[in-house]
Amino acid sequence: MAHFATERDIVARQITNRLNEMKSTIYRNRIAITSWETVVTGLRQDVAPVPTDGWTPFEVGSSWGGRDVTQWFRATVTIPVALRGLKVVALLRHGFEGLC
């Protein structure tokens, strides 16, 4: 039992490594979306139309949001000709915050 935490950490890293290997084979033709824009529309907003102005560039990995903050994101994406006829999937990782 003395080494349980260490062994658990090793197994967790091994599982993570294997999952990362598998992920790279599931979606082989990954292309990063780099042209994100964002706009904060206020606090405790209800359903509202998409904002038409106030959009600013947003760098992936930057902090965003906050308690009861309504924030919109958008990006323009061009699907490469090489992917014509294939299924295209957008994988959006929001940073694991709760979204409504």
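Predicted model: local features only at pLDDT ≥ 70, side-chain atom pairs only at ≥ 80, totals over all residues.
Let's start with the strands. Strand β1, covering residues 37–43, pairs with strand β2, residues 56–57, in the antiparallel sense, and two bridges hold this pairing. Strand β1 also pairs with strand β3, residues 69–74, again in the antiparallel sense, this time over six bridges. Thr 38 is a handy residue to look at here: it stands opposite Thr 56 in β2, and its bridge partner in β3 is Phe 73.

Phe 73 turns up again among the aromatic rings. Searching the whole structure gives two aromatic pairs. One of them joins Phe 58 and Phe 73, edge-to-face, with 5.1 Å from centre to centre and 80° between the planes. Phe 58 sits in the loop between β2 and β3 while Phe 73 belongs to strand β3, so this pair ties together parts that are 15 residues apart in sequence. The rings of Trp 64 and Phe 73 also pair: their centres are 5.0 Å apart and their planes meet at 85°, so this one is edge-to-face as well. Put together, the ring pairs link Phe 58, Trp 64 and Phe 73 into a cluster. As for cover, Phe 58 has 14% relative accessibility and so counts as buried, because the cut-off for buried is under 20%. Phe 73, at 28%, counts as partly exposed, and Trp 64, at 28%, is partly exposed too.

Met 22 belongs to helix α1, residues 4–26, and with 47% relative accessibility Met 22 counts as partly exposed.

Notes:
Residues numbered from 1 in each chain as written. Heavy atoms only, no water. Helix = DSSP H or I, 4+ residues; strand = E, 2+ residues; numbered from the N terminus. Buried < 20%, exposed > 50% of the residue type's maximum accessible area, 1.4 Å probe, protein only. Pairing = 2+ DSSP bridges. Phe/Tyr/Trp six-rings, centres within 6.5 Å; stacked < 30°, edge-to-face > 60°.
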